[in-house]
Amino acid sequence: MRGLKAGAFEPLAYMKRRRVALVSMLGWPLLYLAFIFIGVYFTGRSYAYAETLGVNPGALARFLPAAGFLTIAAGGIVDGMMTTVQGLRWNGVLPYFLATPGATLRLLTGYTIGSTMVTLGLTSIPFVILSAALAGIPGLIVITVILGLTILAAVSLIGLAALAASLTLLSNRERMPMIWLLPFLILVSAIFYPVTLLPPVLRLVAYATPLYHVSRALRMIASFLEAKKLLAVMGVIFGLGGGYATLYLPASLAAREARRRSLD
């Protein structure tokens, strides 16, 4: 809880002190979405793209904002926990953090969850506004459901995030051994393209990625505004989260070793 409160407070305090950063956070997703819409609609291939993607062509206005949010939010906890460690290192307070009484990894996990939830909430604002403007109430329904599923998928990856952060704690200087993890998660999540474009091995990896199942649910919900399989998707995410949670054991051992080295 100490970590959770600190993680939620830090981005809010930062945005309050630096209004330009808040404007940038709320504004740049609109540029991102404008680029996507130009690429899809102004090429004259929107119908073919929707069919290839497995989305109802009339539902692209509901699909694209939610897919944009999912891409930006993908792996936020995984990447966030690693960059939190690096931020502590850059600020010169990592040794003091490791020396703080209590479980280092639990404190770091709580901090990352708090900061990620606040950041996702702020980031979702322009996507919600654009969804309402482009698709009305159906667009709001889609983006709201995807926001909930994205948070659930992010939380299910805590075990993987803890392992990445612990390896970063163990690394020397500026190294982040698993910096490749976030782009890899976005790749195998197959948000803006069908999973059949991936090699067979990566397709198998995609099925073990919570964000891929969120992207599949997004196609269904945006196309038909039906939630028949929503509980099934949530069950899959919970199951995968249980599997990723087992990574917390090697992560805790690595964090303990990093703390021992720091204290020695």
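1. Let's start with Met178 and what surrounds it. Leaving out residues up to four places away in sequence, Met178 touches Met82, Leu160, Leu163, Ala164 and Leu167, where contact means heavy atoms within 4.5 Å. Met178 sits in the loop between helix H8 (158-170) and helix H9 (181-189); helices here are DSSP runs (H or I, at least four residues), numbered from the N terminus. With a relative accessibility of 11%, Met178 counts as buried, the scale being under 20% relative accessible area for buried, over 50% for exposed and partly exposed in between (1.4 Å probe, protein chains only). Met178 and Leu163 are 15 residues apart in sequence, and their C-alpha atoms are 9.2 Å apart in space.

2. A word on what you are looking at. This is a predicted model, in which local features need pLDDT of at least 70 and side-chain atom pairs count only at pLDDT 80 or more, while totals for chains, interfaces and linings use all residues. Residues are numbered from 1 along each chain as its sequence is written, and side-chain values use heavy atoms, with hydrogens and water left out.

3. Next, the aromatic rings. Searching the whole structure turns up four aromatic pairs. One of them is Phe69 with Phe127: the ring centres are 5.7 Å apart and the planes stand at 70 degrees, so this pair is edge-to-face. For the cut-offs, rings of Phe, Tyr and Trp (its six-membered ring) pair if their centres lie within 6.5 Å, and planes under 30 degrees apart count as stacked, over 60 as edge-to-face and the rest as tilted. Phe69 belongs to helix H4 (residues 60-73) and Phe127 to helix H7 (residues 104-156), so the pair ties together parts that are 58 residues apart in sequence. Are these two rings buried or exposed? Phe69 is buried at 0% relative accessibility, and Phe127 is buried with a relative accessible area of 0%.

4. Tyr207 and Tyr212 make another edge-to-face aromatic pair, with 5.5 Å from centre to centre and 80 degrees between the planes. Tyr207 is partly exposed, at 40% relative accessible area, whereas Tyr212 is buried, at 5%. Tyr207 is found in helix H10 (residues 200-207). Neighbours within four places in sequence aside, Tyr207 is in contact with Tyr212, His213, Arg216 and Leu240. From C-alpha to C-alpha, Tyr207 and Tyr111 are 29 Å apart in space, and they are 96 residues apart in sequence.

5. Now have a look at H7 against helix H5 (residues 76-90). Their axes come within 8 Å and cross at roughly 140 degrees. The axes are lines fitted to C-alpha atoms, for helices over the stretch in contact, and angles run from 0 to 180 degrees between N-to-C directions. That angle makes H5 oblique to H7, given that angles under 35 degrees count as roughly parallel, over 145 as roughly antiparallel, 65 to 115 as roughly perpendicular and the rest as oblique. On the H5 side, the contact includes Gly76, Ile77 and Gly80, while Leu108, Thr109 and Tyr111 are among the residues on the H7 side. Sorted by class, this contact has nine nonpolar, six polar and no charged residues. Ala, Val, Leu, Ile, Met, Phe, Trp, Tyr, Cys and Pro count as nonpolar, Asp, Glu, Lys and Arg as charged, and the others, Gly among them, as polar.

6. H7 also packs with helix H12 (residues 230-245), at an angle of about 20 degrees and with the axes 8 Å apart. This makes H7 roughly parallel to H12. The H7 residues in the contact are Val145, Leu149, Leu152, Ala153 and Ser156, and they meet Leu230, Met234, Ile237, Phe238, Gly241 and Tyr244 of H12. Here the classes come to nine nonpolar, two polar and no charged residues.

7. Thr109, in helix H7, is buried at 7% relative accessible area. Beyond its neighbours within four places in sequence, Thr109 is in contact with Met81, Ile158 and Tyr248. Gly114 is also placed in helix H7, and is buried with a relative accessible area of 3%. What does Gly114 touch, not counting residues up to four places away in sequence? The list is Leu4, Gly7 and Ala8.

Terms used: Helices (H or I, at least four residues) and strands (E, at least two) are DSSP runs, numbered from the N terminus.
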